[in-house]
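Here's a quick briefing on a model with chains that touch. Have a look at the structure first, then read on.

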Amino acid sequence: MKRHSLITRVWHWINALALVVLFMSGLNISNAHRHLYWGNYGFDPADAWMSVMRFPAWVTIPQRYDLAEARDWHNTSAWVFAIGLLTMWTASIVTRHFWRDIAMRPGDWSLGALAKAVREHLPGGGADHDSPYNPVQRLSYGIVLGIFLPMMVFTGLAISPGFEVAAPWLIDLLGGRQSARSLHFIFAWALFAFFVVHIVMVLASKPLKQISRMITGGPRKESTDA
Amino acid sequence: MPDIKRRTLLAGMAAMPAAACSELAETGPAGDIFDAAEDWHRSAHRTLASRQALAPEYAPDERSPDIRGNGTLKIETAEYREHKASGFADWQLSVSGLVDNPLTLSMADLRALPQRTQITRHDCVEGWSAIAEWSGPQLSALLDKAKVRKEANFIVFRCADVLYGRDYYESVDMVDAYHPQTIIAHELNGAPLPEKNGAPLRMRIERQLGYKHAKYLTAIEAVASFEDIYDGKGGFWEDIGDYQWYAGI
């Protein structure tokens, strides 16, 4: 298994922290108007395609309903998240980390290859945790890094009326402001789902070793080209 | 833009975990960072788009069936009820403060000025949006007539409504004050403004969220600073709830 590069490790933890703050403050913001719409407008709960639960104070930042303060946490950590994502993507392309480790390979795009990776990870499957990412991992990380995380930035920017004048096409592309807001909510929960699976997978595969690798990078091999 | 120290930034970032959030937000490094971030949002928006860039305008058939009222929906004072009963015939709007030529305008005066009609989207800080047609004179026309002095940095809007025992008010900087879509609306969808939407006059500040669009407008004041006005944060929600003065995000 290759070492995690310094930039991967620093980004991973800053991003994790920013996402926790964004998600929890986002739930507080959601409580201000719990109805989601498609199109450009929407204010009447009767027109909502979905009305979501009121999220309890213990899962929100701050730990009481406070839209103004939640917006402060949300919009400030959004800078950390967006700049971090841009930095990580730039580095992954420059160092070719993306092409080497994450991009799907020709043979990956088959149900057989994906099923094989899953089978190897079932009990008794004999998966080798020191090998490079398997096709399921490459696909999952690719979707999260390439779609879920960037979509959070784009849908978030599209909700801002001050940003909209700079790129009105973005709001049109997303189907209008209320569609962008709905998508922001959907992708936030998609990321939450990834977060849960990610944690379960780490816990199921030598968690201490995995976590320490994401902090220290992992053992340095004697051979130079690990 | 406040000069924020690297160490303050790092300290604030390190201090993000939820448990300590509330205390941090009110005082200390996080509060400073939040204020700085508000400036970043404004400067980023103003850098990315032209200062006069227009908010999207829609076609008549893209309007929403109604526009929700929020905040004050009805004003119970005898004075306002009388104005309302007489169709706001005697309603007056003053333009004062740092101006060479203070004005007092009647509804007829405002209707006699060149009018701008725009179908725009109203975005509430809560998250909902509505689309409607607004008409009225541009604020810039009034400011030019009143001859705003160079020392003025902000325009303050004073209102007839009282919420939670406080007078509603708002303020914008000169970029938004002179923006072509910043109008004093007296019509909504071709009819006089309904009471829930701010009759007889309300501001439209199209590139910012709904709470900036002061309703039941009585006075416009040019000021150098809003520090001495009410609690000094530049608006009703800014004072009572610590809402962001720049509401473009």
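In chain A, helix α1 (residues 6–30) packs against helix α2 (residues 67–94) at an angle of about 150°, with the axes 8 Å apart. Keep in mind that this is a predicted model: local features need pLDDT of at least 70, side-chain atom pairs count only at pLDDT 80 or more, and totals for chains, interfaces and linings use all residues. Residues are numbered from 1 along each chain as its sequence is written, while chains are lettered from A and ligands numbered from 1 in the order in which they are written.

**The helix pair in chain A**
- That angle makes α1(A) roughly antiparallel to α2(A) (the term covers angles over 145 degrees between N-to-C directions, which run from 0 to 180).
- Where α1(A) meets α2(A), the contact residues split into 16 nonpolar, eight polar and one charged.

**Where the chains meet**
- Chain B puts 39 residues into the contact and chain A puts in 34 residues (contact means C-beta atoms, placed from the backbone, within 7 Å).
- On the side of chain B that touches chain A, α3(B) gives the most, with seven residues.
- By class, that side of chain B has 22 nonpolar, 10 polar and seven charged residues.

**The sheet in chain B**
- Four strands make an open antiparallel sheet in the order β3-β4-β8-β9 (strands are DSSP E runs of at least two residues, and two of them pair if DSSP finds at least two bridges between them).
- β3 and β9 (191–192) of chain B are at the edges with a single partner strand each, so one side of each has no neighbour in the sheet.
- Nine bridges join β3(B) to β4(B), and B:I119 stands opposite B:E133 in β4(B).

Definitions and conventions: Two residues are in contact if their C-beta atoms, placed from the backbone, lie within 7 Å. Ala, Val, Leu, Ile, Met, Phe, Trp, Tyr, Cys and Pro count as nonpolar, Asp, Glu, Lys and Arg as charged, and the others, Gly among them, as polar. Angles under 35 degrees count as roughly parallel, over 145 as roughly antiparallel, 65 to 115 as roughly perpendicular and the rest as oblique.
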